[in-house]
Amino acid sequence: MTHPREEVSAGLQTDRPHSARVWNYLLGGKDNHPVDSEAGEVILKTFPEFAAVARLQRRFLARAVRFLTDTAGVRQFLDIGTGLPTADNTHQLAQRIAPESRIVYVDNDPLVLVHAQALLTSSTEGACAYVDADADVRAPERVLAEAAKTLDLSRPVALTMLGIMGQISDAERPADLVSTLMSALPPGSYLALSDGTNTNEALNTAVGVYNGQSANTYHLRSPQEIASFFAGLELVEPGVVPTAAWRPDADRAQEDTADVSVCGVAVKK
């Protein structure tokens with residue numbers, strides 16, 4: 001499950017921006033390289049609100065995991081596209097409410113693997129595991145096989161996919177990947193998904209510039225296309241909505257930023 005740090009570091013590609021590291025920079029983190037911060041600054045110059053968008057997505061994760069754990073009673077999570085560890089990762093959020101929760105993280109960025117130990121600080125009652133950089137959402141069968149070593153796939157699982165489907169091109173059939181994953185999970189399982197939309201010209205330009213220099217490309221889609229990833233599932237209220245509008249915390253002031261990402265949570269009946 002783990003590799004020596006020096007072996008992993010050889011694959012970090014520090015000469016080109018990587019999405020997890022750029023996202024880390026936008027969130028104010030330190031686990032990035034100059035090439036990543038430069039790419040982040042290019043994005044912010046073209047679309048200054050992007051850092052706020054990144055923060056809104058992290059807050060959606062917190063609200064979604066609280067709902068899934070506290071209201072829906074889910075005790076198993078499959079977090080695909082984990083990104084670099086920050087405060088309030090999925091296992092911390094879930095185990096704060098239900099210490100017995102079990103979480104499997106999946107990411108294909110080698111730097112995330114380097115920091116995986118920060119994602120494996122489980123409560124004694126629960127469990128955490130990390131599926132390494134050799135597997136990602138493009139290999140759903142392998143992800144599921146690895147997840148089954150920690151999760152009981154005969155019981156409900158919450159699949160979280162935040163900002164990950166935008167990294168999948170149309171040619172890679174993103175809807176089919178989501179369907180394959182959800183088809184393997186039993187009734188009572190949930191999908192929590194968010195992604196960036198193509199409804200803002202400044203963001204479209206910023207992402208185009210980023211794609212021209214990055215090791216990964218990002219694919220903005222229409223809100224309707226993103227909503228189609230929930231096909232066959234029953235959306236919980238309020239449906240697929242701008243990220244800030246999904247069950248907002250009453251005691252938190254909302255940031256004034258463009259609605260350039262949408263999200264939703266749905267259950268498999």
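These legends describe close-up views of a predicted model. Local features need pLDDT of at least 70 and side-chain atom pairs count only at pLDDT 80 or more, while totals for chains, interfaces and linings use all residues. Residues are numbered from 1 along each chain as its sequence is written, and side-chain values use heavy atoms, with hydrogens and water left out.

**View 1. The largest nonpolar core has 33 residues.** A nonpolar core is a set of buried Ala, Val, Leu, Ile, Met, Phe, Trp, Tyr and Cys residues joined through side-chain atoms within 4.5 Å. Buried means under 20% relative accessible area, exposed over 50%, and partly exposed in between (1.4 Å probe, protein chains only). The members that touch the most others are L68, F77, Y190, W246 and V265. Elements that each supply at least two residues include helix 4 (50-71), helix 5 (90-97), strand 5 (190-196) and strand 8 (261-267); helices (H or I, at least four residues) and strands (E, at least two) are DSSP runs numbered from the N terminus. Helix 4 gives the largest share, seven residues.

**View 2. Y190 and its contacts.** Contact means heavy atoms within 4.5 Å. Not counting residues up to four places away in sequence, Y190 touches F67, L68, A72, V74, V157, A158, L159, M182, V236, V265, A266 and V267. A second, separate core of 30 residues includes V131, L159, I164 and L233.

**View 3. Helix 2 (residues 19-26) is mostly covered.** Six of the eight residues of helix 2 are buried, namely S19, A20, R21, V22, N24 and L26. These buried residues pack against helix 3 (34-46), helix 4, helix 6 and helix 9 (201-213). G28, with a positive phi near 85°, follows helix 2.

**View 4. V35 in helix 3.** V35 counts as buried, at 15% relative accessibility. Leaving aside neighbours within four places in sequence, V35 is in contact with T14, D15, R16, P17 and R21. The C-alpha atoms of V35 and S214 are 9.4 Å apart in space, and the two residues are 179 residues apart in sequence.

**View 5. T82 in the loop between strand 1 (76-80) and helix 5.** T82 is buried, with a relative accessible area of 10%. A polar atom of the T82 side chain lies 3.2 Å from the backbone oxygen of D79. T82 also touches Y105, V106, D107 and L119, not counting residues up to four places away in sequence.

**View 6. Backbone geometry at P238, R173 and R247.** Most residues other than glycine have a negative phi, and most peptide bonds are trans. The peptide bond from E237 to P238 is cis, with omega near 10°, and P238 lies in the loop between strand 6 (234-235) and strand 7 (241-242). R173 has a positive phi near 55° and is placed in the loop between strand 4 and helix 8 (174-183). R173 is exposed, with a relative accessible area of 54%. R247 has a positive phi near 45° and is found in the loop between strand 7 and strand 8. At 35% relative accessibility, R247 counts as partly exposed.

How values were computed
Polar contact = N/O pair within 3.5 Å; in protein donor to acceptor, adjacent residues only side chain to side chain.
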